[in-house]
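Me: I am new to this structure and would like to go through it step by step. Please show it.

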Amino acid sequence: MNFGNLMGAVTGGGGANGLMDMVVDKIADKLSGGEGGSESQSSDPSKMAGFQHAPPAITGKRRGLFIGINYFGTKAELGGCINDVHRVLKWVQSVAPFQDVLILTDDSQDPTKKPTRQNILNGLQWLGQGAQPGDSLFLHYSGHGATVSDTDGEEVDGLDSTIVPVDYESAGQITDDELHRVICQPLPAGCRLTTIMDCCHSGSILDLPYSYLPDGNLDIVMVDNRKAAIKMGLQAGVQFARGDKTAAFKAAKEAFGMYIKPAGHVNSSAQQKMEKEKTTKAFVTSFSGCMDEQTSADATIDGARSGALSWALLETLGKNPNQPYAQILKEVRGLLKGKYSQIPQLSTGFPVNLNSPFQI
């Protein structure tokens, strides 16, 4: 059956929804260079370096950066972020004492320890400075997250995620592109970076190319973000053919960012650019509070203010700090499901085996 016949078959409604999903997935696989298309190493995650490999052994130094911002006295004030930093740091030191720790909070009396834009960037550079194979680095951020317009055509939704320094009104925010460039890309192979990003719009906050998304049963499904963008574009065409212009517009908008340049020309290099620039040499994993389009809760839990992700991770890891990554993600999502709308995410710098035990 050719492309036109396939698309005609899936626009008929009724029991065609399952067929639509199957066909769109097959076409997206071909367009992204997967099964049946021009095969490349990156199109099949199971063939990529590191997919079946255990995380690197920790034989070197441990270093941690902890950032908590309550935005005291502003309209954006939060209540639990500094609490999160102290709780997470206490847990980290209880399971794997870190030799070097830097804490940036907006209740600090030391101007060099306040979470300004420049101090955060300096802290990130300090975190990765001199990193070697065998080192374990840890980053925890609890504060506001936001979005700004994407200018390089890499984001599926056309937006860059950001973290929000305490002086954001005068100094600006820090984008996911900056975070990736400063702390993810320079790290060598054999080094670990583990991050907890407890903020809104944080699903792709480090611009890592692979995400692990939930299905209806909270199972773990690895998704190639580039293939997902192609699927979204195809689904837009299907919805338009069915007459559902609202759904078509929504799907097209989400696919637009990665594949269309500002001038309106097809961005045929976006896929190659993502693979070249965003795949990391180091073993980088990031737990984030929610999907890119969602917000993360600053809540009162058990009588204390806390970020929902930080609380759920500590609850989960407090039972067993060496659970498999997949189990941790499933437990965290289960703790928040039904209480908060956010869906915590896990993303990585290259496809990894989620049955590997978590270590820091």
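Reply: A contact, as used here, means heavy atoms within 4.5 Å. This is a predicted model, in which local features need pLDDT of at least 70 and side-chain atom pairs count only at pLDDT 80 or more, while totals for chains, interfaces and linings use all residues. Residues are numbered from 1 along each chain as its sequence is written, and side-chain values use heavy atoms, with hydrogens and water left out.

Me: Which residues does Val-332 contact, leaving aside its neighbours within four places in sequence?
Reply: Val-332 sits in helix 11, residues 325–336; helices (H or I, at least four residues) and strands (E, at least two) are DSSP runs, numbered from the N terminus. With those neighbours set aside, the residues in contact with Val-332 are Leu-309, Ala-312, Leu-313, Thr-316 and Pro-344.

Me: Is Val-332 buried or exposed?
Reply: Buried means under 20% relative accessible area, exposed over 50%, and partly exposed in between, with a 1.4 Å probe and protein chains only. The relative accessible area of Val-332 is 2%, so Val-332 is buried.

Me: How far apart in space are Val-332 and Glu-315, C-alpha to C-alpha?
Reply: Glu-315 and Val-332 both take part in the contact of helix 10 with helix 11. In sequence they are 17 residues apart, and the C-alpha to C-alpha distance is 8.3 Å.

Me: Why is helix 10 called oblique to helix 11?
Reply: Axes are lines fitted to C-alpha atoms, for helices over the stretch in contact, and angles run from 0 to 180 degrees between N-to-C directions. Angles under 35 degrees count as roughly parallel, over 145 as roughly antiparallel, 65 to 115 as roughly perpendicular and the rest as oblique. The axes of helix 10 and helix 11 come within 9 Å and cross at roughly 125°. That angle makes the pair oblique.

Me: How many nonpolar residues does the contact of helix 10 with helix 11 have?
Reply: Ala, Val, Leu, Ile, Met, Phe, Trp, Tyr, Cys and Pro count as nonpolar, Asp, Glu, Lys and Arg as charged, and the others, Gly among them, as polar. Residues making this contact include Trp-311 of helix 10 and Ile-328 of helix 11. By class there are 1 polar, 2 charged and 10 nonpolar residues.

Me: How do helix 3 and helix 10 lie, roughly parallel or roughly antiparallel?
Reply: The axes of helix 3 (residues 81–95) and helix 10 (residues 308–319) come within 10 Å and cross at roughly 20°. Therefore helix 3 and helix 10 are roughly parallel.

Me: Which residues of helix 10 make the contact with helix 3?
Reply: From helix 3, the contact is made by Asp-84, Arg-87, Val-88 and Trp-91. The residues on both sides divide into 4 nonpolar, 2 polar and 2 charged. On helix 10 they are Ser-310, Leu-314, Leu-317 and Gly-318.

Me: Where does Tyr-71 lie?
Reply: Most residues other than glycine have a negative phi. Tyr-71 has a positive phi of about 55° although it is not a glycine. Tyr-71 is buried, with a relative accessible area of 2%. Its place is the loop between strand 1 (62–68) and helix 3.

Me: Is Asp-302 buried or exposed?
Reply: Asp-302 also has a positive phi, of about 55°. It lies in the loop between strand 11 (298–301) and strand 12 (304–307). Its relative accessible area is 68%, so Asp-302 is exposed.
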